[in-house]
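Dear colleague,

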Amino acid sequence: KDPKVYLIAGDDKRALDRPLLELRDKKLFTLKTDLVRQVVLERKGERWVLEKKDGKWVLQGDEGLKIDTEKVEVFVRPTLWAEAQSFEKEEATDLKPFGLDAPQARVRLSDEQQTEEIAYGNEAPHDRIFARVKGKPQVVTVRSRLLNDLPQTKQDLLEKEKEDKKP
């Protein structure tokens with residue numbers, strides 16, 4: 001056999017000589033923010049379904065509430081842009097050590113064609129939280145603020161009442 005040796009430029013070696021984590025795709029979602037039509041939020045035994053109709057968010061079963069669009073987008077955007085901070089386990093079969101057997105919260109986002117969902121488990125070191133994207137075998141860590149910024153109550157989603165200014 002004649003093993004071949006290739007020479008590459010030093011710059012190319014430096015560009016390629018990186019840890020696996022840096023070369024991996026760390027993006028968790030593929031949906032585009034402006035195309036999301038439904039958000040399902042589950043936490044603390046509650047489940048809210050938000051639908052986007054004519055550019056406004058409506059809470060299913062409570063259509064009378066005035067939902068503040070920005071208060072929904074403020075957690076939808078970072079969720080969609082989220083990246084894995086680390087890959088903890090490639091093929092996770094036992095989710096209990098990560099708190100993903102009974103997640104603290106789940107966020108499911110859908111556009112017209114597809115649905116993507118993330119579950120948040122136990123806290124992890126360095127201000128992170130264990131997470132798992134539905135349909136993917138890996139357990140990852142993400143920034144804790146993705147969970148912390150989720151609304152706690154329906155009131156957190158409402159438009160602020162405009163105070164009447166009396167002369």
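**Strand pairing and the sheet**

Strands S1 and S5 run antiparallel and are joined by 6 bridges; two strands count as paired if DSSP finds at least two bridges between them. Strands (E, at least two residues) and helices (H or I, at least four) are DSSP runs, numbered from the N terminus. The model is a predicted one, in which local features need pLDDT of at least 70 and side-chain atom pairs count only at pLDDT 80 or more, while totals for chains, interfaces and linings use all residues. Residues are numbered from 1 along each chain as its sequence is written, and side-chain values use heavy atoms, with hydrogens and water left out.

S1 and S2 form a hairpin with 2 residues between them, and Lys44 in the turn has a positive phi of about 50 degrees. S5 in turn pairs with S6 (residues 115-124), again antiparallel over 6 bridges, and the bridge partner of Val107 in S6 is Ile118.

These strands belong to an open sheet of 8 strands with antiparallel pairing, in the order S3-S2-S1-S5-S6-S7-S8-S4. S3 (56-59) and S4 are the edge strands, each pairing on one side only. From one strand to the next the twist averages 25 degrees, with axes taken as lines fitted to C-alpha atoms (for helices over the stretch in contact) and angles running from 0 to 180 degrees between N-to-C directions.

**Nonpolar cores**

A nonpolar core is a set of buried Ala, Val, Leu, Ile, Met, Phe, Trp, Tyr and Cys residues joined through side-chain atoms within 4.5 Å; buried means under 20% relative accessible area, exposed over 50%, and partly exposed in between (1.4 Å probe, protein chains only). The largest core has 32 residues, and Leu28, Leu109 and Tyr120 have the most contacts inside it. Helix H3 (residues 69-81) gives the most to this core, with 4 residues. A second, separate core of 8 residues includes Ala92, Leu95, Ala119 and Phe130.

**Aromatic pair**

Rings of Phe, Tyr and Trp (its six-membered ring) pair if their centres lie within 6.5 Å; planes under 30 degrees apart are stacked, over 60 edge-to-face, and the rest tilted. The count comes to 1 aromatic pair. Phe98 and Phe130 form this edge-to-face pair, at 5.1 Å centre to centre and 70 degrees between the planes. Phe98 lies in the loop between S4 (86-89) and S5 (105-110) and Phe130 in S7 (residues 128-133), so the pair ties together parts that are 32 residues apart in sequence. Both Phe98 and Phe130 are buried.

With kind regards
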